[in-house]
Amino acid sequence: MLSKSGTPGHPSFTLPIRHRFLCTSCTASPRCERAAVRSIVCQAEFPAQGKNLGIRNTIELPLGVLGTKAENAIIKQERPCAKACGMNAIKSDEYGRADIDYEQCVSCGMCLVSCPFSAIVDKSQIFQTVLALKSDTPIYAAIAPSFVNQFGGAVTSAQVRAALKAVGFEDMIEVAVGADLCAIQEAEDFLEEVPEKIPFMGTSCCPAWSVMAKKTFPEYANCISMALTPMVLTGRMIKKDHPDCKVVFIGPCAAKKLEASRRSVRSDVDFVLTFEELMGIFDAKSIEFSELEVEEELQTSSADGKGFAASGGV
């Protein structure tokens with residue numbers, strides 16, 4: 001990284017030894033604060049050569065040479081992950097390293113998607129899922145309503161179902177069914193409790209939001225619905241019909257991994273995969289959606305249940 005050096009009152013900024021000034025070829029360059037700085041260094045010190053410098057030794061230039069634009073770019077120290085964290089759960093330790101406060105973290109995953117260097121990752125259960133798929137136990141895929149268009153605009157739900165069966169799943173069950181059940185339960189609770197017992201009711205569908213609300217506004221914790229989430233309701237429904245099976249929830253959110261690890265949920269959902277992880281399995285098995293033999297489209301849930309995936313759908 002860039003480091004600040006120089007004498008008191010006359011600071012300078014040092015680029016790493018033998019660093020390539022080919023920032024435009026770096027995959028992180030669109031979000032990298034340092035890319036603009038290196039470009040300014042190149043133009044200030046080597047205006048004729050520009051960026052095509054190849055490898056050089058350390059370059060140390062005073063701020064006066066770099067100019068105000070470079071100074072502002074370097075001085076900006078805010079971490080993208082910390083900026084994205086709405087719970088202020090990412091701090092820096094005494095060595096400047098990022099440190100996550102798990103008492104504050106709600107596992108929403110915003111830091112994960114905001115880090116330009118993929119330094120933060122969630123715990124994957126691909127290995128456990130693949131082992132289960134290779135066993136004799138029937139494995140059912142409970143897929144979140146937001147799976148539509150996750151694998152390309154031309155890919156239909158029937159093709160996704162066929163792809164899941166092709167990699168070893170027994171069948172695909174839409175979690176939109178659980179969303180319907182969750183909406184019915186929350187509506188009944190709302191009519192019974194608001195405003196007689198509580199002033200309002202917040203949904204329990206999203207574990208990250210639910211945990212955030214309870215941590216940030218503990219005085220209103222009793223206003224969060226006690227209804228089971230669509231994932232849990234769907235998992236229980238599957239295991240009621242197929243007692244000896246295992247259930248893999250597939251969705252867009254890393255917070256579902258936190259939810260599935262709870263003692264009250266472990267027996268309902270065995271593994272959780274994100275859409276990216278599922279796509280990795282499809283790629284490993286060389287699945288081509290257009291070449292699959294498909295069955296008819298699933299129509300087991302309502303439009304409102306499917307609409308849980310839309311903004312404001314809940």
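**Exercise 1. Which residues of α8 are buried?**

Step 1. Know the model. It is predicted: local features need pLDDT of at least 70, side-chain atom pairs count only at pLDDT 80 or more, and totals for chains, interfaces and linings use all residues. Residues are numbered from 1 along each chain as its sequence is written, and side-chain values use heavy atoms, with hydrogens and water left out.

Step 2. Helices (H or I, at least four residues) and strands (E, at least two) are DSSP runs, numbered from the N terminus. Buried means under 20% relative accessible area, exposed over 50%, and partly exposed in between (1.4 Å probe, protein chains only).

Step 3. Read off the list. A176, V177, G178, A179, D180, C182, E186 and D189 are the buried residues of α8.

Step 4. Find the cover. It includes β9 (171-174), α10 (230-241) and α13 (303-306).

**Exercise 2. Check the span of helix α8 (residues 176-193).**

Step 1. The expected span is 1.5 Å times one less than the number of residues.

Step 2. With 18 residues, α8 should span 26 Å. Its end C-alpha atoms are 25 Å apart, which agrees.

**Exercise 3. What surrounds E186?**

Step 1. Look for a charge partner. A salt bridge needs a side-chain nitrogen of Lys or Arg within 4 Å of a carboxyl oxygen of Asp or Glu. E186 is buried yet has none. The nearest side chain of opposite charge, K256, is 10 Å away. Here Lys and Arg count as positive, Asp and Glu as negative; His and the chain ends are not counted.

Step 2. List the contacts (heavy atoms within 4.5 Å). Leaving out residues up to four places away in sequence, E186 touches M201, T203, S204, C205, S225 and A227.

**Exercise 4. Trace the salt bridges.**

Step 1. Count them. The total is 12 salt bridges.

Step 2. Take D122 and K257. Their side chains meet at 3.1 Å, N to O. D122 sits in the loop between α5 (110-114) and α6 (126-133), and K257 in helix α11 (residues 255-260), 135 residues apart. D122 is partly exposed at 26% relative accessible area; K257 is buried at 14%.

Step 3. Take K165 and E295, which meet at 2.8 Å, N to O. K165 lies in helix α7 (residues 157-166) and E295 in the loop between α12 (275-284) and α13, so the pair ties together parts 130 residues apart in sequence.

Step 4. Take E192 and K197, paired at 3.8 Å, N to O. E192 is partly exposed at 49% relative accessibility, while K197 is exposed at 56%.

Step 5. Find the network. Salt bridges that share partners join R161, K165, D171 and E295.
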